[in-house]
Amino acid sequence: MNGLPVLILPSIEKRFSLSGKELGIISAANDVAAVLIVVFISFYGNYGNKMKWVGGGAGVSGFGLLLFSLPHFMAGPYDVPDFQPGKGGICISSKNSSSSGSCDSNDSGAMWYYMLIFVIAQVIHGAGICPLYPLVPAYLDENVEPKQMPVYIGLFYLSALIGPGVGILLGGQFLSVFVDIDQPSGLNLTPKDPRWIGAWWLGFLVFGLLFFLLAIIISGFPSSLPGAKERREKHIREGNLNKKSDVKEARLKEILPELKSLFMNWTFLFSTLGLSVAVIFAYSFVPFLGKITQLKFGLDPVSNGYLLSAVMTPTIMVGIIFGALVVRQFPIKSVCKRSAFYVVVSQSFAIIVPFLMLLPGCLNVNMAGVSTSYTDRINSTHEQMIARYSTGVLISQCNVNCSCSIDNFTPVCGSDNIGYPNPCYAGCTARYDDKTFGSCSCIMTDTSKPGTARQGYCDRDCKNLAIFLVCIGVGLCVFFSCSVPLKTVVLRCVPDDKRAFAMGMQYVFVKGIGLIPGPIILGHLLDLNCRLWQDICGQKGRCFVYDVDLVSRNICIFGAVIEGISAVFFALSWLLYQPEEKTSDATPLQTNIANGNETVL
């Protein structure tokens, strides 16, 4: 399920005219509920049936997913931009300037309530997910042999984290279907067409129904598996596990003392801070990875889904399994210290990953009036062009009377190898059946006659996609190999009966510090490097053209700084670890009896 947003964010951006920052808010809204309620869920979950909490949460999440698909049914059929005269179509002679076209009042500010539904749906979905990550690891830990715990935790995170890869693969399938299932009469669009929008909503509808089924199944698990309590008490007596605290029941007044105890645990505190800072970049980069690869390497949504799934699924799987196997080799009594050291080494290597953004990909879109001058503005500097566009002017003498507008983006490539936002801005007055346009007054040829244009972008000389994907795969493998070691540190550095509460508090920190602001920051970084914005009746919509080089540079700097700070916190977590002194409360005779070896003296 978590992989769907990686692909569908560009689709809802296009369908509902959203900015990068607004996409970041939608992505981050999923984590808001965690900050508000997970403290109480993890605290009270320690004393009840953990799986019933998880099952109830699955039902809530299912409702949130169904709600997320609602804007599709509210918005009505997708009005595919066509090439009719005026606006985004071909040029028609008019005494009106291009900036004064008619405006549909329904377009102005009409998308805010869709944005609100997306945010509310994400909050509800996030609330349902809250019990999963703090309670399930604790449930597994208390029901299996301590030595086998890393394997089971690894399997849990393996199933949870390969989800993005599977979700991306399924998302690619959903996006290969037209958003309204059937295309309008007379159109035969493909995913490679810039006007294409896939069925982004279909995945949320399917997974929403599946979540309701899972809620019923999960709720049937018992609070403890047969023999688990006796086995755990034995290991506590032998000093292999931390002792339980003195609190026997869940009381609200105990939360503050428990919080103080956790925050005075330096290993827990710095490990949590390290993870929280790391995910500011990692978990904001992954949701935008589909958009970034489209910008940087010119991929269409369907191909993007297949490639990212092929990279993410196996690398995440290998990383988690490797991390689990490494932790399994550590002795039980020193597993916390050694796991913390492994995280330090891995995170230090992860600092290299953001620099992959500097790998050359596609050239920037060479767009007339944005990155290059019109032929009749040959003496204008790039700064003058940007200044002119900042006032809403994207016209020239060659298209001044064409009644063009920039509310729709149907790019064409001129015979001069320069791109134009649509045929109207290229001054084209003729349209042919083979997706080409003629009599384009803004496109000059060697013969000084009006040129022609074809639908789509000009060649951007894209390269290095394979190298980028391989390096991203290695980076994901290293990052996710820390999943089991990180959870092992938390589970083994706190009292035995406070594991779920510690996991819940780490969950709050990760959400509040990392997952909520991270996507918003990255979305804002994308917006800062936008060269051409959609204009909907004077209001800014989505970004049409980005400066890919600046996007890559800024993401690299952002990621390198974040990963460096995270590595420092992890190092402090390892250096400040102080193992609890293990004392046995049982006499040798009692221990022998507990082991089933009663000795008669």
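Helix 6 is the main contributor to the nonpolar patch, giving four residues. The patch covers about 690 Å² and is made by L70, F73, M74, W112, Y113, L116 and I120. Helix 5 (70-75) and helix 6 (112-129) are the elements that give two or more residues. Helices are DSSP runs of H or I with at least four residues, numbered from the N terminus. A nonpolar patch joins Val, Leu, Ile, Met, Phe, Trp or Tyr side chains within 5 Å, each residue with over 30% relative accessible area and no salt bridge.

M74 sits in helix 5. M74 counts as partly exposed because its relative accessibility is 41%; buried means under 20%, exposed over 50%, and partly exposed lies in between (1.4 Å probe, protein chains only).

## How the model is read

This is a predicted model: local features need pLDDT of at least 70, side-chain atom pairs count only at pLDDT 80 or more, and totals for chains, interfaces and linings use all residues. Residues are numbered from 1 along each chain as its sequence is written, and side-chain values use heavy atoms, without hydrogens and water.

## The nonpolar cores

The largest nonpolar core has 133 residues; I12, F68 and W200 touch the most other members. Helix 13 (residues 266-285) supplies the largest share, twelve residues. The core lies between domain 1 (1-82 + 112-227) and domain 2 (257-360 + 464-578), because both give residues to it. Such a core is a set of buried Ala, Val, Leu, Ile, Met, Phe, Trp, Tyr and Cys residues joined through side-chain atoms within 4.5 Å. Domain bounds come from an automatic or database assignment.

A second, separate core has 14 residues, including I395, F409, Y425 and V545.

Definitions and conventions: Patch = residues over 30% accessible without salt bridge, like charges linked within 9 Å, V, L, I, M, F, W, Y side chains within 5 Å. Areas by Shrake-Rupley, 256 points an atom, 1.4 Å probe, with all protein chains shown as cover. Salt bridge = Lys/Arg side-chain N within 4 Å of Asp/Glu carboxyl O.
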